[in-house]
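Me: Please set out, in questions and answers, what can be read from the structure shown below.

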Amino acid sequence: MSQSLAWIALVTAGLLDVGWAISMKYAEGYTRLGWSLVSLLLLAAFVFLLGRALQVLGVGVAYTVWTGIGAVGTLTMGVLLFGEALNPMKITGIALVLAGIAALKLAAE
């Protein structure tokens with residue numbers, strides 16, 4: 001796998017992580033079968049893609065980028081889907097995480 005493909009796999013894994021977190025919310029403690037199955041499928045998919053990305057990328061950078069995408073995406077979806085509060089401090093935190101992801105991407109090249 002090339003470096004570019006590894007980054008695509010990593011970003012996709014991060015986005016699937018967001019879907020997984022949201023599907024767990026909808027699964028209501030894994031009491032709803034359909035959402036529980038979606039959650040487990042998303043979990044398997046992002047673990048697979050993260051593992052593939054780790055074959056090429058350093059574990060420190062890859063894991064940090066993956067968790068950053070998951071954190072920012074899940075927080076954003078929580079605001080959009082569940083009406084969770086968004087305030088200036090959270091926005092600042094999101095901006096800092098995104099800046100960190102960008103810095104790690106640039107540093108990895």
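Reply: A nonpolar core is a set of buried Ala, Val, Leu, Ile, Met, Phe, Trp, Tyr and Cys residues joined through side-chain atoms within 4.5 Å. Buried means under 20% relative accessible area, exposed over 50%, and partly exposed in between, with a 1.4 Å probe and protein chains only. The model is predicted: local features need pLDDT of at least 70, side-chain atom pairs count only at pLDDT 80 or more, and totals for chains, interfaces and linings use all residues. Residues are numbered from 1 along each chain as its sequence is written, and side-chain values use heavy atoms, with hydrogens and water left out.

Me: How many helices and strands are there in the chain?
Reply: Helices (H or I, at least four residues) and strands (E, at least two) are DSSP runs, numbered from the N terminus. From that terminus on, the elements run α-α-α-α. The count is four helices and zero strands.

Me: Which element gives the most to the largest nonpolar core?
Reply: The largest nonpolar core has 17 residues, and those with the most contacts inside it are L10, A13, L57, V65 and W66. Two or more residues come from each of α1 (3-27), α2 and α3. With six residues, the element that gives the most is α1.

Me: Which residues does A13 touch, not counting residues up to four places away in sequence?
Reply: A13 is among the residues with the most contacts inside the largest core. Contact means heavy atoms within 4.5 Å. With residues up to four places away left out, A13 touches F46, L49, L50 and W66.

Me: Is S39 buried or exposed, and what is its relative accessible area?
Reply: S39 lies in helix α2. Leaving aside neighbours within four places in sequence, S39 is in contact with W20, S23, M24 and Y30. S39 counts as buried because its relative accessible area is 0%.

Me: Which backbone oxygen does the side chain of S36 reach?
Reply: S36, also in helix α2, is buried because its relative accessibility is 8%. Not counting residues up to four places away in sequence, S36 touches A27, Y30 and T31. A polar contact is a pair of N or O atoms within 3.5 Å; within protein, one must be able to donate a hydrogen and the other to accept it, and residues adjacent in sequence count only if both atoms are side-chain atoms. At 2.7 Å, the side chain of S36 reaches the backbone oxygen of R32.

Me: With which residue does R32 form a salt bridge?
Reply: A salt bridge is a side-chain nitrogen of Lys or Arg within 4 Å of a carboxyl oxygen of Asp or Glu. A search of the whole structure finds one. R32 is partly exposed because its relative accessible area is 34%. With the closest N and O atoms 3.7 Å apart, the partner of R32 is E28.

Me: What accessible area do Y30, L33, L37 and L40 have together?
Reply: L40 is found in helix α2 (residues 33-54) and counts as partly exposed because its relative accessibility is 46%. Patches are made of residues with over 30% relative accessible area and no salt bridge: like charges are joined within 9 Å, nonpolar side chains (Val, Leu, Ile, Met, Phe, Trp, Tyr) within 5 Å. Accessible areas come from the Shrake-Rupley method with a 1.4 Å probe, and for residues only the protein chains shown count as cover. Y30, L33, L37 and L40 form a nonpolar surface patch with an accessible area of about 420 Å².
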